[in-house]
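Please have the sequence and the 3D view open as you read.

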Amino acid sequence: MKKDTLKVANKILKSRLIVGTGKYKNFKETAEAVKASGADMVTVAIRRINITDKKKPILTDYLNPKKIIYLPNTAGCFNSEEALRTLRLAREMGGWKLVKLEVLGDKKTLFPDMVETVKSTKILVKEGFKVMVYCTDDPLFAKKLEDQGASAIMPLASPIGSGLGLQNKINISLILKQSKVPVIVDAGIGTASDATIAMELGCDGVLINSAIANAKNPVLMAKAFKDAVISGRNSYLAGRMQKNYFAIPSSPKKGII
Amino acid sequence: MAKIQLNGKKILIKSNLTIFQLLKKYKLHNKKIAIEHNGSIVSKTNYKKKYIKNLDKIEIVHFIGGG
């Protein structure tokens with residue numbers, strides 16, 4: 001059987017699970033959870049370095065960017081300018097061209113501002129970035145992003161960090177039907193079975209942070225997500241049975257005594 | 001001396017320091033970082049050529065955990 005991999009821009013990922021690196025107790029736990037998840041790619045944020053405490057550990061000491069793909073994000077950016085500034089800095093840091101764009105529009109829901117998101121995608125693609133784009137589950141905007149050259153569409157399942165799971169399967173399915181680039185569900189997944197549901201719908205991958213980092217045992221939850229994503233993918237590839245309104249016996253009628 | 005703003009904090013540094021010298025002072029010259037000098041990104045090849053003037057604003061960023 002052909003190896004089932006996920007191709008995003010020019011990267012080939014063995015795992016369809018991408019994990020975030022925020023909210024962990026410490027870097028040791030982050031590294032252990034990432035390892036248990038089996039992910040090839042992790043999202044990272046860009047912030048000011050602590051100049052007063054030179055001995056403070058930093059992320060790159062625990063997760064080697066040469067061994068795992070760093071996906072710089074623009075978390076916390078509320079307009080196009082901030083997002084572009086952040087990603088240009090990320091590119092300068094180490095040649096990262098594959099990035100995750102998120103332009104937030106509202107502090108309470110952290111829903112993306114899709115007008116600014118489309119605008120930013122256009123500029124970034126022009127500048128040579130490969131952009132994976134966090135977006136609402138609106139098929140029309142997803143199409144616009146793809147038309148602007150997005151490398152992956154990343155619709156939310158529900159608000160970031162909410163753990164509410166996949167709330168609009170129909171919209172995600174519509175996005176899947178129309179997209180030629182990978183569709184990776186980002187944000188809102190609460191537990192392993194939510195990821196399975198997304199994968200069974202045919203999503204190309206899922207991005208998880210809070211559901212792992214906020215679990216009582218993040219390392220075990222990372223492993224649960226690894227298995228859940230594999231199961232969901234296999235289930236999608238295998239093709240589920242038809243749903244029927246009435247029972248159909250599993251044992252043959254012939255030879256009943 | 002030059003009064004500059006580094007990562008939002010006002011600090012005093014020696015006059016005529018290059019970006020590279022500033023990074024060395026904070027032991028950041030070997031770290032994975034990126035620099036903005038008065039709003040423009042400084043490429044690594046220019047760290048030794050770019051001098052810091054009085055009232056300049058410098059931002060040094062790196063990767064942290066994020067979702």
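With which residue does D4(A) form a salt bridge? The partner is R16(A), and the closest N and O atoms of the two are 2.9 Å apart. This pair ties together distant parts of the chain, since D4(A) sits in the segment before β1 (6–8) of chain A and R16(A) in the loop between β2 (11–13) and β3 of chain A, 12 residues apart. Do keep in mind as we go that this is a predicted model. Over all chains, a search of the whole structure finds 14 salt bridges, and we will meet another one further on.

Staying in chain A for a moment, have a look at K23(A). Its phi is positive, at about 70°, although the residue is not a glycine. You will find K23(A) in the loop between β3 (17–20) and α1 (27–37) of chain A. N38(B) belongs to the loop between β3 and β4 of chain B.

Now turn to the sheet in chain A. Three strands, in the order β6-β7-β8, form an open sheet with parallel pairing. The edges are taken by β6 (98–101) and β8 (152–155) of chain A; each has a single partner strand, so one side of each is left without a neighbour in the sheet. From one strand to the next, the twist averages 20°. If you zoom in on β6(A) and β7 (residues 130–135) of chain A, you can follow 4 bridges that pair them in the parallel sense. Here V99(A) stands opposite V131(A) in β7(A). Helix α4 (residues 114–126) of chain A packs on this sheet, where it touches β6 and β7 of chain A. The direction of α4 makes about 175° with that of β7(A).

Next comes the interface. How many residues of chain B are in contact with chain A? There are 27 of them, and they meet 30 residues of chain A. The size of an interface is often given as the accessible area lost when the parts come together. For chain B and chain A, that buried area is about 2700 Å², and carbon and sulfur atoms give 65% of it. Three residues stand out: H62(B), F63(B) and G67(B) supply 28% of the area that chain B buries against chain A, more than any other three residues.

Polar and charged pairs take part here as well. Chain B and chain A share 13 residue pairs in polar contact, and 2 salt bridges are found across the interface. In one salt bridge, the side chains of R85(A) and E36(B) meet at 2.5 Å, N to O. Looking at the elements of chain B on the side that touches chain A, β3 (34–37), β4 (40–42) and β5 (57–65) each supply at least two residues. Of the elements of chain B, β5(B) gives the most to that side, with 7 residues. By type, the residues on this side of chain B divide into 12 nonpolar, 7 polar and 8 charged.

Finally, follow β5(B) across to chain A. Strand β4 (residues 41–48) of chain A is joined to β5(B) by 5 bridges, and the two strands run antiparallel. Within this pairing, R47(A) has H62(B) as its bridge partner. H62(B) is also one of the three residues named above for their share of the buried area.

Notes
Residues are numbered from 1 along each chain as its sequence is written. Chains are lettered from A and ligands numbered from 1 in the order in which they are written. This is a predicted model: local features need pLDDT of at least 70, side-chain atom pairs count only at pLDDT 80 or more; totals for chains, interfaces and linings use all residues. Side-chain values use heavy atoms; hydrogens and water are left out. Contact means heavy atoms within 4.5 Å. Buried area is the accessible area (1.4 Å probe) that two parts lose on being put together, summed over both. A salt bridge is a side-chain nitrogen of Lys or Arg within 4 Å of a carboxyl oxygen of Asp or Glu. A polar contact is a pair of N or O atoms within 3.5 Å; within protein, one must be able to donate a hydrogen and the other to accept it, and residues adjacent in sequence count only if both atoms are side-chain atoms. Ala, Val, Leu, Ile, Met, Phe, Trp, Tyr, Cys and Pro count as nonpolar, Asp, Glu, Lys and Arg as charged, and the others, Gly among them, as polar. Two strands pair if DSSP finds at least two bridges between them. Axes are lines fitted to C-alpha atoms, for helices over the stretch in contact, and angles run from 0 to 180 degrees between N-to-C directions.
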